[in-house]
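Good morning, everyone, and thank you for making the time. I would like to walk you through one model today, going from the overall fold to a few individual side chains.

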Amino acid sequence: QQYGVDVHRTPGFYLFIILLAYIIAAGTEETLKYCGPLRFKACKHSGSPYAYVVSALSCALGFSTMENIGYTFGMSGPEADLGSKAFTAYSRAVVAISAHGICGAIVGVKLTEKHVFGDRISFLQILCPSVMVHGTFDFSQFLIAVTLETEAEQTILVIVCTVLILLAAAVYLWWILRRLRGRR
C-alpha cells in the first residue's frame, strides 16, 4: 500500500504504466514538439538548415518550463513547504529541462532531414527516437516508484537511470547532429 492506495501489480497494471509513459506522456509531448516548428513559417523560409532544430528546441524548452511551473506550484498539502517546492523546481530544472531539450533537438534534426534535405521519412520515423527516449525515461521513473519501497533506493536508482538514459540520448543527438552537419 503506497500513498494510501492498495495497488495490485498485475500484468494489466504494468501495461498501464507502459501506455502512460510511452503513449500518453511521451507521445503527446513529442507530438507537440513536432507540430510547433511546422506551424512556424520562418522554418520554411530560413536560409539556415538549423531553423527546425532551433524551433523544436524552443518548443521543448517552453513546454518544459510550463510543466515545471505546474509541478512546482501545483504542490499542496503539509509536505508542500517552500523547501520542497524549491527542491522540486531545482531538480526538474536540471533533469526535465535537459530531457525535453534533448528530445526536442532530436525531433528538430529529423524535421530538418525531411523538410530541408528532402529525406522521405514519415511522422512515426521522426517521432520514434524522441518518444523512445522520453518514454523510457518516464517508464523507468514510474517503475522505480512502484517497485522499490524505500526512498533511498528509489533516489539512487532514479539518478542512475536518469544519467544513463540522458547520456545515451545525448550521444545519439550528437551523432545525428554530426551527420546533419556533414550534409550541408
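If we go element by element, the lowest mean pLDDT, 82, belongs to helix H2, residues 42–45, while the highest, 95, belongs to helix H5, residues 123–147. As a word of caution, where pLDDT is low, the predicted coordinates should not be read in detail.

As for the layout, the secondary structure of the protein chain consists of 6 helices and 0 strands, which, read along the sequence, gives the pattern α-α-α-α-α-α. The C-alpha trace spans about 55 × 40 × 25 Å along its principal axes, and of the 184 residues in the protein chain, 37% are buried. If we take the contacts between residues at least 6 apart in sequence, 74% of them join residues that are at least 24 apart.

Let me move to the largest pocket, whose volume comes to about 1600 Å³. Its lining is made up of 33 residues, and those closest to its centre are Phe 87, Ser 91, Arg 92, Gln 141 and Val 158. The elements that contribute two or more residues to this lining are H1, helix H3 (51–73), H4, H5 and helix H6 (151–181). Which of these elements gives the most to the lining of the largest pocket? That is H4, with 12 residues.

Next, the aromatic side chains, where the count comes to 4 aromatic pairs. One of them joins Phe 13 and Tyr 14 in an edge-to-face arrangement, with 5.3 Å from centre to centre and 75 degrees between the planes. Within this pair, Phe 13 is buried, at a relative accessible area of 16%, whereas Tyr 14, at 25%, counts as partly exposed.

Another pair, Tyr 34 with Phe 123, is also edge-to-face, and here the centres are 4.8 Å apart and the planes stand at 85 degrees. Because Tyr 34 lies in helix H1, residues 11–39, and Phe 123 lies in helix H5, this pair ties together parts that are 89 residues apart in sequence. Tyr 34 is buried, with a relative accessible area of 12%, while Phe 123, at 36% relative accessibility, counts as partly exposed.

There is also a ring with a charge placed over it: the charged end of Arg 179 sits over the ring of Trp 175, at 4.7 Å from its centre.

Finally, I would like to set two residues of helix H4 side by side. Is Thr 88 buried or exposed? Thr 88, which is found in helix H4, residues 82–115, has a relative accessible area of 16%, and since the cut-off for buried is under 20%, it counts as buried. Leaving aside residues up to four places away in sequence, Thr 88 touches Tyr 71, Thr 72 and Met 75.

Tyr 90 also has its place in helix H4, but Tyr 90 is exposed, with a relative accessible area of 60%. The C-alpha atoms of Tyr 90 and Asn 68, which are 22 residues apart along the chain, are separated by 9.4 Å.

That is where I will stop, and I am happy to take questions.

Definitions and conventions. Residues numbered from 1 in each chain as written. Predicted model: local features only at pLDDT ≥ 70, side-chain atom pairs only at ≥ 80, totals over all residues. Heavy atoms only, no water. Helix = DSSP H or I, 4+ residues; strand = E, 2+ residues; numbered from the N terminus. Buried < 20%, exposed > 50% of the residue type's maximum accessible area, 1.4 Å probe, protein only. Contact = heavy atoms within 4.5 Å. pLDDT = per-residue confidence, 0-100. Phe/Tyr/Trp six-rings, centres within 6.5 Å; stacked < 30°, edge-to-face > 60°. Lys NZ or Arg CZ within 6 Å of the ring centre and 35° of its normal. 1 Å grid on protein atoms, 1.4 Å probe; cavity = no way out; pocket = protein on both sides within 12 Å on 5 of 7 lines; lining within 4 Å. Points joined across faces, edges and corners; volume = space filled by probe spheres on them.
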